[in-house]
Amino acid sequence: AMERSRRGSDENILGIFAEGELRSRKPRGAAASTGDLTKGISFVRGQTLQPTSVPAPAKEEKEEKDAKDDADDANSDVDSRFVLDASVPNGNFKPAVEGPKLPARNKLSFNQMSSSYGKGFAMLQKMGFTGGGLGKHNDGIANPIEVQKRQSKRALQDDGEMVDQDLYGNEGGRRTVEELLSIDRAPEKKSTEPKISDGWKRDGKPKKQKTIYKTAEENAGEVPAMRIVDMRGPEVKVASSFAELAANLSGDSVRSLKEFRHNTRLLVSRYEDKVRLAAERKRHCENVILSAAKEQERLQAADNISEADVKGCKELVVEMESLRERQDEGSIGLSELAETFHRLERSRPKEFHLLQAIDVAFALALPTAKRELSTWQPFKAPELVLKAMAKWQDLGDKERFSALLDASLIPQLRKALVAWAPRDFEPCIRLMETCQRLLRTEVADSLVAEVVLPRLRSEIEVWDPRIDQRSAHLWLHPWLPLLGRKMEMLWTPIRFKISSCLEKWDPSDPSAHGLLKPWQQVFDPANWDPLIEKVLGRLE
């Protein structure tokens, strides 16, 4: 009975495996009947046996093997091309070939980003941003995220909440000039949805559009919209004003022309020397042609010379040689040398022209003039040298005489006028009157414009009406008969000096009348009227 109850409990627990378990289990009384338990226990000496180590298969490997066998059985009828191999990371498929990624383009220039975003754009530049997209490989967004401002007290709408923005700058591609010019006047989309009727309103009538009238002045004052097409870079851009175009020029848009500017600079540097050499060669050839023409004229004139003319030329050469010796000795003056060449020109005109004696005359006159002008005092004896210099005006042409003045007389006059005190006007006026009387008008005018007037202006800059006891009109007005309207350049700085004195002038002080009265007949209205207005303002 006990065995039956144990069998029933084992069957409830083990099920069909209970029979094998019961067979391997011995009855409890069987071991007791095999021997006498009252005898002593004897131990037998023996040795430990090492079992053969046979590694058992791992549980995971066994599961993988079983799964593979099941898959082989299931896919035995499937084409091997459509069977996935789990041991390969990408399966048995070849990697897909991707096309080139479009480069990111910035919609705004560097100047526009700097003016719009300020510190943020400066931080981007410090982190290495040079244009294009963000990130290490320039594959990020290229345009700032735009924010659409909601109207006051307006809730979420069904449409129009998402900003249609090209963050990478490569969706639109390149646009034509016509498309760029039509940006500001995009056509309005006609709505196909039925409009809501206004019949429910009290009046129910559609409102008339209000008419706005403008005057001619308002229409004339409206500035028309300007669009400037900039086609210098790889992309066509449109600027709304010259200021925006100038900002683009000073920004990164000019960088697109870097290669063009570099190549242009190389071409200019390469051909600049060639152009300069060609110009110099042309100038040399022109001078050679002129010299050859003159030499041809001289040869033609020499063919027509008779024996009497040859004899006269020899005598003229002897006389000019004697003049040269006297000039080397310093025994002939500038006035005597001029009179001698005048006599030779009148007595032997043909020989004088054939031998080009006028060149010899001015060549001898230059060292003689320098020797006499070295000891000349222009303010004490202005006529001493100027009379001798005036005799050379009629001897040669204007170019030779101007060269003689520039090399001898003008440096001495400049040196004397630079050291001249403008407030001591009498000696300088006497010198300028002598120059105008004895020399040509253009020579005297050049001295006045280049030396006298700058010296007077520098003295006016130093003059202070509040400190100087001597008024400026005492040493400026004597120049009026000689210079006339050339002194108008001096009136503006004088007016500024007087105007600064009137700023702190007390109306009870009568000295302002004495300061202004000498200039009443001298100043033009542009310089006199502002002074009178300032005086009236102080009097009020």
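**Exercise 1: a pocket and its lining**

Helix H9 gives the most residues to the lining of the second largest pocket, namely 5. Before you start, note that this is a predicted model, where local features need pLDDT of at least 70 and side-chain atom pairs pLDDT 80 or more, while totals for chains, interfaces and linings use all residues. Residues are numbered from 1 along each chain, and side-chain values use heavy atoms, without hydrogens and water.

Task: find which residues are closest to the centre of the second largest pocket.

Solution: 
- Start with the space: the second largest pocket holds about 470 Å³.
- Next, pick the centre: of 18 lining residues (an atom within 4 Å of a pocket point), Arg298, His353, Leu354, Leu355 and Gln356 are the closest to it.
- Then look at the elements: H9 (258-303), H12 (349-354) and H13 (357-373) each give two or more residues.
- Finally, sort by class: 11 lining residues are nonpolar, 2 polar and 5 charged.

**Exercise 2: a threonine in H13**

Task: work out whether Thr368 is buried or exposed, and what it touches.

Solution: 
- Thr368 sits in helix H13.
- Its relative accessible area is 0%, so Thr368 is buried (under 20%; exposed is over 50%).
- Leaving out residues up to four places away in sequence, Thr368 touches Gln327, Ile332, Gly333, Leu334 and Leu337 (heavy atoms within 4.5 Å).
- A polar atom of the Thr368 side chain is 2.9 Å from the backbone oxygen of Leu364.

Key: 1 Å grid on protein atoms, 1.4 Å probe; cavity = no way out; pocket = protein on both sides within 12 Å on 5 of 7 lines; lining within 4 Å. Points joined across faces, edges and corners; volume = space filled by probe spheres on them. Helix = DSSP H or I, 4+ residues; strand = E, 2+ residues; numbered from the N terminus. Nonpolar A, V, L, I, M, F, W, Y, C, P; charged D, E, K, R; others polar. Buried < 20%, exposed > 50% of the residue type's maximum accessible area, 1.4 Å probe, protein only. Polar contact = N/O pair within 3.5 Å; in protein donor to acceptor, adjacent residues only side chain to side chain.
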